[in-house]
Every structure is written in C-alpha cells, then in structure tokens.
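This briefing goes through selected features of one protein chain. Please keep the sequence and the structure open while reading.

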Amino acid sequence: MATLDQKSPNVLLQSLCCRITGKSEAEVAHQFQYAVRVIGSNYAPSIERDEFLVSEKIKKELLKQRREADAALFSELHRKLQTQGVLKHRWSVLYLLLSLSEDPRKPSSRVGNYGALFAQALQRDAHSTPFYCTRPQSLALGYGERSAGLSASMGTSGISSLGVYTLNGPTPTPQSLLAGQPPQSAAGGGQPLGSRLAWALPVSSSPSSAQVLPTTRPPLGPPAPSARAVRPRRDGDAAGEVNEAALVRDILYVFQGIDGKFIKMNGQDNCYKIDSKVVLCKSLRDTSSRLAELGWLHNKVRKYTDARSLDRAFGLVGQSFCSSLHQELKEYYRLLSVLHSQLQVEDEQGVIVCTESSLTLRRLLVWMYDPKVRLKTLAALVDFCQGRKGGELASAVHAYGKTGDPQMRALVQHILSLVSHPILNFLYRWIYDGELEDTYHEFFVASDPNVKTDRLWHDKYSLRKSMIPSFITMDQARKVLLIGKSINFLHQVCHDRTPPGKITSASKSADTPKDAAELLSDLEGAFQEKIDAAYFDTSKYLLDVLNRNYLLLEHLQAMRRYLLLGQGDFIRHLMDLLKPELVRPATTLYQHNLTGILETAVRATNAQYDNAEILKRLDVRLLEVSPGDTGWDVFSLDYHVDGPIATVFTRECMGHYLRVFNFLWRAKRMEYTLTDIWKGQMCNAKLLKTMPELSGVLHQCHILASEMVHFIHQMQYYITFEVLECSWDELWNKVQQAQDLDHIIAAHDVFLDTIISRCLLDNNSRSLLNQLRAIFDQIIEFQSAQDSLYRSALEELALRLQFEEKKKQREEEGQWGVTAEQEAEEKKRIQDFQETIPKMRSQLRILTHFYQSIVQQFLVLLMTSSDESLRFLSFRLDFNEHYRAREPRLRASLGVSRGRRLSNII
C-alpha cells in the first residue's frame, strides 16, 4: 500500500516539486497546488485562429516600441506572404513569433476571461472617444481576451478606445482595463470542469500562508461544496416569479429595440414596459425600466437614420450626419455583442454561480451609463436637426456642441467634423476653382442659371443666409462668395484664361474628416488665413485686369469730365456751337447734325487728348419730345458702356448720370443765358441814353438781372464744389483703397446717391426741385421780356435817328426840316411808344414779384431741410437778408435754425 502511495500521482508530483525547488514538503505546498491546477486545466491557447488579429497584435507591439518603420515593413511582408500561398498555417507561425517576442519578466497584460473584465468597475477616464479608423489598431488574441478587447477598443461604447485616434490624438488606454487580474471566485465562468475543480483548491499568495498549511498530503478527491449557492439558470421559478437572469436577457434584446419575453414596447405610451402579469420586486422593476430607456433612445436614432439614409434629397451633409449616427450605433452594437457573449458563456455552463463576474441589472446599469448619455445626446440632436439640411444642419450640430461636458462636446465635435466635411469641400472647390456643384442646394452660395452674363456679378450668385454654418461668420461668407464670383467673372465676362492656380495658391483641402476637424478647431487661425489669402489674391488680380485691360479708372474719370460737366472748356465750346441748333423746336433736330457738332467741339478743346477708347463711347442722345419743347429741353450727352465695365456702370447708374446731366445742363444754360442778358445790358446801355423815358425800366431790368446772377452763381458754386467735387474726392479715395470690385461698386453707388440727393433730384426734394425749375423758367421768361424790351427800344431809337437824319438832310438842302404833318406824326409815334413803357414796367414788376416770391419759398424749404449743406446754401442766397425782410415765414425759419445751431454749439 505504501508502494502504491509512493507511486501515486500526488506523491510523485509533490516529490518532483521538492526535487526542483530543493525545499521540504511543507515549504512547497504553494507550488504543489499550482502544479495540480496546471495538470487539471486545458492549457491550450484559448484564442481563435484568426491570422488578421495576430498580425494586428504584432503591429501594435511594434508601434508601442516606437518602431513605425518596422511595423510598415512587417505589414508589407505579411501582405506578400499572403499572396504566395506557400505556408498553410501562417496563423501558427505568426502566433509563435508573437509569443517569442513577449518578455517573460513583464506581467501579462491580458484579460483571462470575461469575469476578469466585467468584475472591474468602469474608470472615470474610460470614456468614449470618436475614432477615424475602421478597425482598432490591435485586438486581443484569446476568446475571452478578444471579447474584452472589443469592449475596450470601441470608443463610443462607453469603454475606452485602444489604438484609435480622436480629434486630439490617440487616447491613452486605462491600465485598469488591460491589466490581467487573477480570478477571485472558486469557479470561472469560462473554464472547463477540471479547471474549475483545480481553482477550487485553497490558494496562498504569500509565504506566510504556507506556515498554517497541514503537513499531510492534501486529499486528491473532489473538493467540498462551496458555501455559495449554485442554482440552475431558468427564466422563472415554480411560484411564477421572474429571476434576474431572465430580465438581463430581455434587457439585452430591448437594448437593440427588440421586444423581449417580459419587456415589450407600449405603442400607446411610446415606451418599454414590463408585463403587468409578471411577478417582480419593485427594485428589479425600477432598474429594468431605467435600462429599457436605452432601447427607446436607440429606436429614436435608428428610425431617423433609416428614414433619411435612403433620401437622396437630404444631400451630402445629411448623409454624412446619418453616417456619423450609424457609426455611433455600430459601436453601441459592439458593446452589446460583448454583453451577449458574456451571457452566452454563462448559459453554456448550465448553471450560474453568484460571483462578481456574472451579469446583473445593477452591473448593466453602471456599464451602460456612458452609452446612455451618448444615446441621449444623439436622440436630442436628432430632434433638434429635424427638417434641416446642408449648412443649416451643420449649424444645428455646432450649436449643440456648446456644452461644458467634455464627453458630450467630444462626441458633437466628432459628428460636426463629419457633417462639415462636404461643406468644406464645397467651399474649397468654390474658392480655388470657382466651381459650384451643389446638386441638393446645401451650400450657402446659390447660383441662378437663368441670369445672363452681363448681370453675372450682381444677380447670378448670392448668399443663402439660412445655409451659412454658425461657425462661419458673415464676413467670411461674404469673402467666400466674392472669391468664387471673381473667378467666374474673370472667365466668363473678362475672358481671362489664367488658371485659378496662378491667381492664388491652393492650400490643402479638407480631404478627410480629420482635416475638417483640424480646421474647425482653428476657425480664427488657419481657416481665416486661407480665406483671406484667396480673397486678397483673387480680388487684386481682378482689379488689375479691369484697370489694365478695360481702363476702369479712365472710364470713371470720363464720366466726371463729360457727363458731370467737369471739362469746362469743352462744355462751354459745345454750348456755343449748339446754341443755333438748340433754340429751334425739338422736332426739327437731327442726331447726326448734333453728333457732328460734338466731334467739332472735341477736336477744338483739350478733350482731343483723351484716349480714343473713351472718345468713341461719347455720343449725343435726344430725349423724348414733348409739345413745345426746344432743343435745350431734349439734348443730352451719352456714354456707351459694355463688357466688364458695365458691371460698375449699370443701366441704373447710367440713368442716374442722365438725370444729373440734364439738371447740370439746365443750370449751365441758366448761367449761359444770364451771361447773354448781361452782355445785352452792357451793349445797349449807352445806346439808350438818348431815351430818358426808358431809364426806370432799364434800371429795373438791371436789378432783377443782378438778383438772378447772384442766385445762379451761388447755386453753381454749391453744385460744383460742395456736391460734385467733394463727392468725387470721396469716391476717388475709396476707389484707390478698394480691396475688391464690390467696394468700388458700393462707393460708386454712394457717390451717385449723394449727388442725386444733394442736387435735389430724389423724392424727398421734389418740392425744392419744382421751385428751382420755376426759378429757371423765370430766368428764361425774363430773357424773353428783356429781349422784347430792347427790340422795341432799338426800333424806336432807329426811327428817331432816321427822322433826325432826314430833317438834317432837308435843312442842308435849304428846305424846311419837317412839315407840320410830319411833326405831328412823329409826336404821335413817340407818344404811342411812351404809352407802352408803363406796360413794360408793370410786366417787369410782375416778373420781379413772381421771381422773388418763388425764391422766398425756395429759401423757406431750404431752411427746413434736414441736409445741413442746403441750410447753409440758404444763408449764401440771402446773405444780406433781403428776402427775409419780405417774408415772415423766412424770418421764423431763420430764427428756428439759428436757435438750433446755437443749442448744438452749447
């Protein structure tokens, strides 16, 4: 019997341990127990024969050692090996190489089984992070280790990511999830029966524990039953009460939106509810209800993605949003697969041991906390983004990222990087190539294909303000619009074939969501610099082309010289040449005759030295003829514009120039008319001295003419210097400082609006303009009255001189100078002429009174004007308060305006 004992396996194994260690039987008790566990366990590697997983593990180990080049070389060699087909068991070779590379002195970093993983509490830093690669950089090799690796590698599942890159770089893996821990229970859920029996042996982990062990050999029979309860795994007991294991299985189905056996979706209340017939304690019922919320959240997100993924009209931005949601759901499913695997392992054993590694509702509540937060965020985001697309959708996602929770902010930033990727691709294609491929109208730049080329700059492209993402400012959006619009304007209107790459150097575009994320993280830095660089380069090139090839600035100066009467010698000579033609009725004028006179005026003045391109655009235009119009009323100069310069000088602008020219031409005609009146007075003053009866009438004419000359001179000063010159100086300074074509167009529009307003041509000054035109009409009427007066006076003077000449001639012949009849006839004619003088005087008096009343009304309107320059004009027109003494309203207006000025000064 002793021989049998000495040859028994226990005795031999203990002797072997003593022989190897050189210690006594009592001292090798720990080693003996370990040897029994080794012999009683299945020591084969518990990993799937997956060649890809082993190769990924090797590459991960190389990357950990900072041997990126070796990892790339290994990947290339492994690819070549796969194409050869020489080795049939490549997995075994790779696993052997991996095992040989491991350092036995370092503690194992593998998780032995599911129990070792799920028995650990979730770490605070084990939060989910977005990832960009489709697979983790490394996966565990063992079956249990692989499942743990899946749960630990997926960032969006609530467990930390392994080897994936977030927005800010790789996320460090918490060591608490990777470090292997020895099982704490006597029975491992995933071990064979022999292994469980081996683990049931007492374990001592310290030398001091060996001292209390008995000196006798341990028995070789099966161990005594554990004190912990072991019960079969079933859905309910005899009393009809549902156990926790069945609820866990139902909950895992509910997590995926599938009705369980006891927990089903209630369509009326739109939530998951436990069957009322099920007998369940309150704590389990409450916990199950809290967990079932994940299924409702999952269904909400899934329903949105399923409905929108097939909708092509949702656009690229919307599809990117659905893709990001699918990605998050995919990581959620991976976590659920790990939980299902754990449950399956427990079910395969046929029994469930109440250990710390088993799945319970409380553990699920803890493990699913982070996924629940993420699903809540996604569900809220889906609600917020309903009915939105394109840039509006990106704005909604961006607005939802303004939170203090770092995990939620990282999730939204990841989704935003995917959503904004198509928008940034639209943007770079637009600013670097001028191409707009926006099939579903998602970009904030809109194009109207019905607009013709001549209106390309003004009407073809516009901003969709609702589609401007909130992370792009309005100034950036305006610059983006101008960049692409400038490129298309150069190609289609200016016919400039310079490639866009030579206009501005194209920067790296957002090829991947990671590039988009980097740009979004630095909107005020790199993104702003790219837009500014493209904006300045493109706008500068466009302005250079317009100034160099199309003489934009020269055309602008030509408008000032000819249409705004800035070329004084040309305008004066033209008026002298046109006077004989323009006094005729408007219906008798011919445009070719006036065009010839225009060319004569150009050749005779300094205008001949202008560019031929400018002079050929100058032309004559006859306005629509009304009954009674003369040539002065219908004559106008015209300036033909076409091509790129028509973008600045639009049809509306040329209409404004025409209105201003007609006003200035009429004012210049008044000055020309008063000059003729003054010349007539100076020439006829000496001739009519012999007619003393006309002295009062002539004096009245001189006074009225002086009033009119003063009024016209002050108006001309105001128009020429305070309106035209000041506005032109502002325009020229703005044009010189303009950074893009829009700045020039805006400055030019402001220039025209200012002239229109201050020349009394706008709607607000209609009453002033009517009074001014009435004054001009009085000047023309006064000219006619004075011409009639001088004509009658000169005829009477000629008759008197003729009578005296005949009388003198007869006296020289020795005859009587006049007969009684001739003398009576002469006296009667003189008497008749003298009787017409009071009529002339009354006519001039009426004319003077009417003229002064109109001027007084004009001054009252000037004083009540909101324009300060017009109020100052009233002071110059009535500098000696001549009209104020005649008009009570004018005195009141002057008093009010002076009081206002004094109050402003004080």
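Gly387 sits in the loop that links H15 to H16. The model is a predicted one, and in it Gly387 has a relative accessible area of 62%, over the 50% cut-off, so the residue counts as exposed. Its C-alpha atom is 9.6 Å from that of Phe314, although 73 residues separate Gly387 and Phe314 along the chain.

**The helices on either side of that loop**

- Helix H15 covers residues 369-384 and helix H16 covers residues 390-400; their axes come within 10 Å and cross at roughly 140 degrees.
- An angle of that kind makes H15 oblique to H16, because the roughly antiparallel class is kept for angles over 145 degrees.
- The crossing of H15 past H16 is right-handed.
- On the H15 side the contact involves Thr377, Ala380, Leu381 and Phe384, which meet Ala396, Val397, Ala399 and Tyr400 of H16.
- Sorted by class, the residues in this contact of H15 with H16 are seven nonpolar and one polar, with no charged residues.

- Two packed helices are described by the angle between their axes and the distance between the axes.
- For helix H29 (residues 695-737) and helix H32 (residues 820-863), the axes come within 10 Å and the crossing angle is roughly 25 degrees.
- H29 and H32 are therefore roughly parallel to each other, since angles under 35 degrees fall in that class.
- H29 passes H32 with a left-handed crossing.
- From H29, the residues in contact are Val697, Gln700, Cys701, Leu704, Glu707, Met708, Phe711 and Met715. Their partners in H32 include Ile837, Arg841, Leu844, Arg845, Tyr851 and Phe858.
- The class count for the contact of H29 with H32 is 13 nonpolar, three polar and three charged residues.

**Loop residues with positive phi**

- Most residues other than glycine have a negative phi.
- Leu565 has a positive phi, near 60 degrees, and belongs to the loop between helix H23 (552-563) and helix H24 (568-582).
- With a relative accessible area of 14%, under the 20% cut-off, Leu565 is buried.
- Leu760 likewise has a positive phi, near 65 degrees; this leucine is in the loop between helix H30 (741-758) and helix H31 (766-812).
- Leu760 counts as buried because its relative accessibility is 2%.

- Thr538 is part of helix H22 (residues 523-549). Its relative accessibility is 1%, so Thr538 counts as buried.
- Beyond neighbours within four places in sequence, Thr538 contacts Ile483, Ser486, Ile487, Ile503 and Thr504.
- Lys59 is placed in helix H4 (residues 51-64). With neighbours within four places in sequence set aside, the contacts of Lys59 are Ala71, Phe74 and Ser75.
- Between Lys59 and Ser75, which are 16 residues apart along the chain, the C-alpha separation is 7.6 Å.

**The chain overall**

- The chain contains 34 helices and ten strands.
- Of its 906 residues, 45% count as buried.
- Taking contacts between residues at least 6 apart in sequence, 73% join residues at least 24 apart.

Methods
Residues are numbered from 1 along each chain as its sequence is written. This is a predicted model: local features need pLDDT of at least 70, side-chain atom pairs count only at pLDDT 80 or more; totals for chains, interfaces and linings use all residues. Side-chain values use heavy atoms; hydrogens and water are left out. Helices (H or I, at least four residues) and strands (E, at least two) are DSSP runs, numbered from the N terminus. Buried means under 20% relative accessible area, exposed over 50%, partly exposed in between (1.4 Å probe, protein chains only). Contact means heavy atoms within 4.5 Å. Axes are lines fitted to C-alpha atoms, for helices over the stretch in contact, and angles run from 0 to 180 degrees between N-to-C directions. Angles under 35 degrees count as roughly parallel, over 145 as roughly antiparallel, 65 to 115 as roughly perpendicular and the rest as oblique. A crossing is left-handed if the near helix is turned anticlockwise from the far one by less than a right angle, and right-handed if clockwise. Ala, Val, Leu, Ile, Met, Phe, Trp, Tyr, Cys and Pro count as nonpolar, Asp, Glu, Lys and Arg as charged, and the others, Gly among them, as polar.
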